[in-house]
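Student: I am new to this structure and would like to go through it step by step. Could you show it to me before I ask about its parts?

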Amino acid sequence: MTTRVTIVGAGPGSADLITLRGARALASASVVLHDALIDPSLREMAPAAEWIDVGKRGFCDSTAQARINALLVQHARAPGRDIHVVRLKGGDPSVFGRLDEELEALAAAGIACEVVPGVTAAIAAAADLQRPLTRRGAGRSVALSTAMTRAGELVATRGADTEVFYMAGRQLAALSRRLIGAGWAPDTPVAVVSRAGWPDQHGSDHRVETLPEAVVLHGGRPTVVIVGVGATALPSTLSTVNEPLTMTPVPAASKP
């Protein structure tokens, strides 16, 4: 009997952001445990698999992590030949994906697995806006942070030339104040992107002091906030400031 578990990063948006390795793993799945924000068209890559929604949004545990861990072990140990369990995560599994907890649960059960990386939201947002997160001679470091801790504390730092805050859509006004308190100048460039990687993504430019204005544009949508060097518009892209970027919808990815 061959039992396999593959943890796959699906990317943050449209199905075609998944890697070729991830798509191949998904195509051979017998069971798929998937996050809430996965593009539904990814199901076309594994139409014969059993798809199980184990999604959660923010700190609201629609599916408790302990339950996800148990399901991974349960399905990996199910009787039958060539069982392949795919844990399909949004973005990259190692970036705010609680990958450590799932790896530890599998290891404790004696189940080996493979991890397939994916595009994380910060990278997708930078690509959508055409804003390199690092800049030669100006931006040497990038930090990725969550805007809120599980304890409900809003944390803002200034430890890198570019800071990217995940899950920040509901805290933009408070984040503005915390950024200033952390030492960012009020006129520091800020780029806000919601639904990064999707055809309906939207990006807008602000400053730290005007960040609260972004609530009107991005409220209720998954949002990342880029602060510092990486938020600065290139001269050739200045015409897009405070305008939604348009993207041509692409066909859903097909089964390899």
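This is a predicted model: local features need pLDDT of at least 70, side-chain atom pairs count only at pLDDT 80 or more; totals for chains, interfaces and linings use all residues.

Student: How do the axes of α2 and α3 cross, and is α2 oblique or parallel to α3?

Tutor: Two packed helices are described by the angle between their axes and the distance between the axes. Here the axes of α2 (residues 65-76) and α3 come within 9 Å and cross at roughly 40°. That angle makes α2 oblique to α3.

Student: Which parts of the chain does the salt bridge between Arg-87 and Asp-35 tie together?

Tutor: The side chains of these two residues meet with an N to O distance of 2.9 Å, and both Arg-87 and Asp-35 are buried. Because the two residues are 52 apart in sequence, the pair ties together strand β4, which holds Arg-87, and, on the side of Asp-35, the loop between β2 (31-34) and β3 (50-53).

Student: Is Glu-102, which forms a salt bridge with Lys-89, buried or exposed?

Tutor: The closest N and O atoms of Glu-102 and Lys-89 are 3.1 Å apart, and the pair links helix α3 with strand β4. Since buried means under 20% relative accessible area, and Glu-102 has 0% relative accessibility, Glu-102 counts as buried.

Note on methods:
Residues are numbered from 1 along each chain as its sequence is written. Side-chain values use heavy atoms; hydrogens and water are left out. Axes are lines fitted to C-alpha atoms, for helices over the stretch in contact, and angles run from 0 to 180 degrees between N-to-C directions. Helices (H or I, at least four residues) and strands (E, at least two) are DSSP runs, numbered from the N terminus. Angles under 35 degrees count as roughly parallel, over 145 as roughly antiparallel, 65 to 115 as roughly perpendicular and the rest as oblique. A salt bridge is a side-chain nitrogen of Lys or Arg within 4 Å of a carboxyl oxygen of Asp or Glu. Buried means under 20% relative accessible area, exposed over 50%, partly exposed in between (1.4 Å probe, protein chains only).
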